[in-house]
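Have a look at the structure first, then go through the points in order.

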Amino acid sequence: IYAQVLVTEGNALARQANITDATAKYEQALALNRALKIVPDAEAKKVALPAQIELGRELLASAAFTPGLAAFAAAQIISPTADITATLSAAEWNNVCWRGSLAGLAAEVMPACERAVVLAPGDGSIRDSRGLALALTGDTDGAIQDFSFAVQWGEAGTGHERLVAIRKSWIEELLAGKNPFDAVTLEELRSE
């Protein structure tokens with residue numbers, strides 16, 4: 001019975017991404033009951049991985065971008081060969097990209113922007129989000145390319161005519177060496 005208590009404690013530690021202590025608990029449990037069908041380090045990682053992914057999803061969904069991305073990074077360390085980014089859809093990554101950029105974390109959420117584009121390369125709204133992040137991180141050329149893509153996509157009858165006019169003005173300002181993203185513009189985008 002005590003061996004099972006140790007396994008339960010190990011599971012709790014693993015769900016907190018404490019692989020070292022979880023592994024120790026599993027080893028203690030095995031010492032008491034050799035019939036247990038666990039490999040301590042592998043068991044700790046098996047329990048920790050989905051817990052970290054779920055934690056990351058929940059944090060990102062609640063706009064806690066820094067800890068959410070940290071949870072995904074922890075999951076990737078637990079399982080370096082797993083495609084952790086595949087656990088979110090293009091729309092979810094795009095949401096992180098857009099909202100994180102508007103929260104002042106454009107550089108930090110750039111991997112989310114890139115992942116969204118990889119998952120849906122033809123989606124102009126996703127390229128638009130990445131364009132915002134690029135502009136906010138100083139990559140004017142990249143921002144112009146993404147906003148131009150979003151304009152072409154919007155002009156192709158996607159129902160985003162308002163997006164087209166605004167993005168054209170951003171492109172013009174960027175080409176003129178101006179920053180279209182002053183405090184007022186950013187606040188307007190946050191309230192949309």
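1. Start with A63, which counts as partly exposed at 33% relative accessibility (buried means under 20% relative accessible area, exposed over 50%, and partly exposed in between, with a 1.4 Å probe and protein chains only). You'll find A63 in the loop between α3 (40-61) and α4. Helices here are DSSP runs (H or I, at least four residues), numbered from the N terminus. What stands out about A63 is a positive phi of about 70°, although A63 is not a glycine. Most residues other than glycine have a negative phi.

2. A quick word on what you're looking at. This is a predicted model, where local features need pLDDT of at least 70 and side-chain atom pairs count only at pLDDT 80 or more, while totals for chains, interfaces and linings use all residues. Residues are numbered from 1 along each chain as its sequence is written, and side-chain values use heavy atoms, with hydrogens and water left out.

3. A17 also deserves a look. A17 is not a glycine, yet its phi is positive, at about 65°. A17 sits in the loop between α1 and α2, and with 29% relative accessibility it counts as partly exposed.

4. Now for the pockets. Rolling a probe the size of a water molecule over the atoms shows where empty space is left. In this note a pocket is an open set of points on a 1 Å grid over the protein atoms alone, where a 1.4 Å probe fits, with protein on both sides within 12 Å along at least five of seven lines; lining residues have an atom within 4 Å of a point. Grid points are joined across faces, edges and corners, and a volume is the space filled by probe spheres set on the points.

5. Which residues line the largest pocket? They are N94, W98, S125, D128, S129, H160, R162, L163, R167 and E192. Helices α5 (90-102), α7 (124-136) and α9 (161-175) each give at least two residues to that lining. Sorted by type, the lining has 2 nonpolar, 4 polar and 4 charged residues (Ala, Val, Leu, Ile, Met, Phe, Trp, Tyr, Cys and Pro count as nonpolar, Asp, Glu, Lys and Arg as charged, and the others, Gly among them, as polar).

6. Two of those lining residues, D128 and R167, also pair up in a salt bridge, with their closest N and O atoms 2.6 Å apart (a salt bridge is a side-chain nitrogen of Lys or Arg within 4 Å of a carboxyl oxygen of Asp or Glu). This pair links distant parts of the chain: D128 is in helix α7 and R167 in helix α9, 39 residues apart. Are they buried or exposed? D128 is buried, at 4% relative accessible area, and R167 is buried too, at 5%.

7. The second largest pocket has a volume of about 150 Å³. Its lining includes L69, F72, W93 and R115. Helices α4 (65-78) and α6 (106-119) are the elements that give two or more residues to this lining. By type, the lining splits into 7 nonpolar, 2 polar and 2 charged residues.

8. R115 belongs to helix α6 and D83 to the loop between α4 and α5, 32 residues apart. R115 is buried, with a relative accessible area of 17%, whereas D83 is partly exposed at 44%. The structure holds 11 salt bridges.

9. Last, check the surface. I1, Y2, V5 and L32 make a nonpolar patch of about 480 Å². Patches are made of residues with over 30% relative accessible area and no salt bridge, with nonpolar side chains (Val, Leu, Ile, Met, Phe, Trp, Tyr) joined within 5 Å; the areas come from the Shrake-Rupley method with a 1.4 Å probe. Y2 is in helix α1 (residues 2-15) and is exposed at 51%. L32 is in helix α2 (residues 19-32), and is exposed at 54%.

Terms used. Patches are made of residues with over 30% relative accessible area and no salt bridge: like charges are joined within 9 Å, nonpolar side chains (Val, Leu, Ile, Met, Phe, Trp, Tyr) within 5 Å.
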